[in-house]
Amino acid sequence: MSPRAGSAGPATLAFVESPVQLLNVLEWAHAHDGAAPGAGLTLVVLSPNDPMTRGQLRRMAELARDEGHTVRWEEARGGTTAPFRTIGGLAPLLRRARRIVMGDPFSRYVQLLLTITRARDLVVVDDGTATMEFVAQLARGERLVRWHRRGGRPGPRDVIFAPVSASARRRLTPSGRRTVEVFSSMPIESAPEGVTVTANAFSWTRERFGPPRLTKGADLVGTSLVETGVVDPDRYLEAVRALAKAHGADRYFAHRRESADKLHRLAAGTGLEIVRPDLPLELIARRGPIGRTILSFPSTVVHTLPLALAGTEVRVAVCDIDPAWLTENASPRAQGFLSGVTGTARDVHRLSTASGG
């Protein structure tokens with residue numbers, strides 16, 4: 001056990017389900033080092049089944065251990081009985097922890113764990129642009145629903161889980177007995193009364209890695225908007241081809257959720273070298289080599305990369321999503337949300353179309 005963890009259980013218990021969440025927990029711990037009471041941090045990885053995500057999580061777990069934190073790996077989705085074993089094993093830690101840090105308040109797993117904890121301090125770190133929607137929904141007192149699912153009819157599982165979700169929302173609302181902090185690099189203009197918003201400047205990333213060696217060309221960042229049913233796959237292929245041709249991109253950094261079939265089509269249709277990163281892109285870019293221009297569609301990286309690459313000569317450019325690219329099943333809120341992601345990004349160059357500047 002790490003000396004930070006103590007013998008009576010962790011003062012701080014963090015739950016992560018993705019590499020970016022784990023990175024942002026490390027950023028939170030770095031920013032609060034010595035300032036937050038009780039430095040003991042145990043990171044619980046609620047491992048998904050996706051091989052690429054698991055690989056990145058294992059690399060990030062090594063970095064967390066190097067920082068002196070305790071990492072507990074849970075096969076949380078390894079069969080029908082896995083959730084019961086995981087929750088049962090974590091219950092004693094949940095009851096003793098004074099602070100809970102979570103990367104995804106929309107996660108049903110995390111919401112269920114929140115019903116067990118007695119912690120008085122709750123912290124939400126970024127799970128990408130979804131953090132913006134979480135804060136907005138909390139302020140409006142709405143049920144917690146991911147942005148790309150809003151507007152759809154709740155399914156049977158949603159109805160069954162509704163009491164747990166409502167309980168989690170109440171626990172994530174500040175009160176006289178509970179504090180709530182949002183640690184974010186996203187542009188959160190207003191937060192519910194009592195919620196403390198702390199800026200994530202990616203200081204840990206900049207101190208530990210880089211500065212990167214820059215290449216002459218451009219790199220393109222992939223997105224999972226096709227996989228989530230928001231963008232039509234053929235339109236996406238056309239947009240990537242146009243962006244790569246217009247800006248001389250030669251590498252495509254795949255999102256961890258992008259399908260192998262889609263990536264094969266992209267490689268064949270664009271000639272781009274497909275790169276599957278083994279770490280979050282913020283760390284990959286900071287370590288280098290990386291293009292002098294990074295091209296992206298609306299996503300988390302248009303907010304995080306300018307922070308991680310501060311002090312370098314890298315330019316981040318974002319291409320808007322044309323409404324014609326959206327699928328028939330896309331949420332009615334999709335276009336507005338994606339436009340907001342682009343419009344609120346700081347220190348980026350905005351491209352009006354996939355082929356122009």
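Modeller: Before we start, a residue is called buried when its relative accessible area is under 20%. Please also keep in mind that this is a predicted model.

Colleague: Thanks! With that cut-off, what share of the 357 residues in the protein is buried?

Modeller: The protein has 12 helices and 13 strands. Of the 357 residues that make it up, the buried share is 55%.

Colleague: And for contacts with a separation of 6 or more, what percentage comes from residues 24 or more positions apart?

Modeller: Here we count contacts between residues with a separation of 6 or more.

Colleague: Let's turn to the open sheet of seven strands: which strands stand at its edges?

Modeller: The strand order is E3-E2-E1-E4-E5-E6-E7, and the pairing is parallel. An edge strand has a single partner, so one of its sides lacks a neighbour in the sheet; that applies to E3 (70–74) and E7 (195–199).

Colleague: By how many degrees are neighbouring strands of this sheet turned against each other on average?

Modeller: Direction is ignored for this figure, which is an average over neighbouring strands of the sheet. The turn is 20°.

Colleague: Which residue of E3 stands opposite valine 44?

Modeller: Strand E2 (residues 41–46) pairs with E3 in the parallel sense, over five bridges. Along this pairing, leucine 43 faces valine 71. For valine 44, the residue opposite is arginine 72.

Colleague: Which strands does helix H3 (residues 82–96) touch?

Modeller: H3 packs on the sheet, and its direction makes about 155° with that of E3. The strands touched by H3 are E1, E2, E3 and E4.

Colleague: Last one: how many residues of the contact of H8 with H9 are charged?

Modeller: The crossing is right-handed, and the residues in contact include Asp234 and Arg241 of H8 and Lys262 and Arg265 of H9. Five residues of this contact are nonpolar and two polar, while the charged ones number four.

Terms used. Residues numbered from 1 in each chain as written. Predicted model: local features only at pLDDT ≥ 70, side-chain atom pairs only at ≥ 80, totals over all residues. Heavy atoms only, no water. Left-handed = near helix turned anticlockwise from the far one by under 90°. Helix = DSSP H or I, 4+ residues; strand = E, 2+ residues; numbered from the N terminus. Contact = heavy atoms within 4.5 Å. Nonpolar A, V, L, I, M, F, W, Y, C, P; charged D, E, K, R; others polar. Pairing = 2+ DSSP bridges. Axes fitted to C-alpha atoms, helices over the stretch in contact; angles between N-to-C directions. Buried < 20%, exposed > 50% of the residue type's maximum accessible area, 1.4 Å probe, protein only.
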